[in-house]
Amino acid sequence: VILDGVFNHMSSDSPRFDRYARYPTLGACESTASPYRDWFIFRESTSTPCVAADYESWFGFDSIPTLMKENPAVQDYFVRASDSIAKRWLLAGAGGWRMDVSGDASFPNGYWEAFRQVVKSVDPDVLTISETWQKDTALLRAVRGDRFDTSMNYRLRNAIMGLLSPNHQFDPK
């Protein structure tokens, strides 16, 4: 089983953000005093509970607030801590990670190199896959051996779909 990991954004209904006050913990959206408030990118507003205009979200979807990936606590949660998400699921038997939006420029320098070191320390045979939409050198940087083992090949996918389904719209570039 290869897991689809998203370390760039989180659900607005997650316990750490808790936009709808469903959890016993104090989510980032519920209070400026939340221990998770600095996990997300908030604008000047301090309204609580927060509204969509108060925080940055992935592609403007208010249901997926963007994570502050430079925050050490966020990096610990996903990658560095002994019980990090990256480790926890591999130790539970997952065979690898396919990382959503890993080509996004908002990840700090060294993030994916650290991710690779962590997952390969758990199991050197674990497969790591980058979801990289860019058609430039970002794709090559993702698979040069220090970040991911391979990448989603959307260009090949689009070409095959265009060949097999002539009515399918695809980008031949």
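How many helices and strands does the chain have? The chain has 5 helices and 4 strands, where helices (H or I, at least four residues) and strands (E, at least two) are DSSP runs, numbered from the N terminus. What you are looking at is a predicted model, in which local features need pLDDT of at least 70 and side-chain atom pairs count only at pLDDT 80 or more, while totals for chains, interfaces and linings use all residues. Residues are numbered from 1 along each chain as its sequence is written, and side-chain values use heavy atoms, with hydrogens and water left out.

Let us start with the whole chain. Along the principal axes, the C-alpha atoms fill a box of roughly 50 × 40 × 25 Å. The chain has 173 residues, and 40% of them are buried; here buried means under 20% relative accessible area, exposed means over 50%, and partly exposed lies in between (1.4 Å probe, protein chains only). The accessible surface of the chain is about 9,600 Å², and carbon and sulfur atoms account for 56% of that surface. Such areas come from the Shrake-Rupley method with a 1.4 Å probe, and for residues only the protein chains shown count as cover. Of the contacts (heavy atoms within 4.5 Å) between residues at least 6 apart in sequence, 52% join residues at least 24 apart.

Now turn to the sheet. The 4 strands form an open sheet in the order S1-S2-S3-S4, with parallel pairing. Its edge strands are S1 and S4 (150–151), each of which pairs on one side only. Two strands count as paired if DSSP finds at least two bridges between them. In general, strands of a sheet pair through backbone hydrogen bonds, either parallel or antiparallel.

Follow strand S2, residues 96–99, which runs parallel to S1 and is joined to S1 by 4 bridges. Across this pairing, Ile-2 stands opposite Gly-96, and Asp-4 stands opposite Arg-98. S2 also pairs in the parallel sense with strand S3 (residues 127–130), again over 4 bridges, and here Met-99 faces Ser-130 of S3. Are the residues on the faces of S2 buried or exposed? Both faces are covered: Gly-96 and Arg-98 on one side, and Trp-97 and Met-99 on the other, are all buried.

Asp-100 counts as buried because its relative accessibility is 14%. Its side chain makes a polar contact with the side chain of Arg-98 at 3.4 Å. A polar contact is a pair of N or O atoms within 3.5 Å; within protein, one must be able to donate a hydrogen and the other to accept it, and residues adjacent in sequence count only if both atoms are side-chain atoms. Setting aside neighbours within four places in sequence, Asp-100 is in contact with Asp-4, Gly-5, Val-6, His-9 and Glu-131.

Val-101 lies in the loop between S2 and H3. Its phi is near 45°, a positive value in a residue other than glycine. With a relative accessibility of 12%, Val-101 counts as buried. Gly-110 belongs to the loop between S2 and helix H3 (111–122), and at 37% relative accessibility Gly-110 counts as partly exposed.

Another loop, between strand S1 (2–5) and helix H1 (72–80), holds Ser-34. Is Ser-34 buried or exposed? Ser-34 is buried, because its relative accessible area is 6%. A polar atom of the Ser-34 side chain lies 2.6 Å from the backbone oxygen of Leu-26, and the Ser-34 side chain also reaches the backbone nitrogen of Ala-28 at 3.3 Å. Phe-59 is found in the loop between S1 and H1 too, and at 67% relative accessibility Phe-59 counts as exposed. Although Phe-59 is not a glycine, it has a positive phi of about 55°.

Our last stop is helix H5 (residues 154–164), which includes Ile-160. Ile-160 is partly exposed, with a relative accessible area of 41%.
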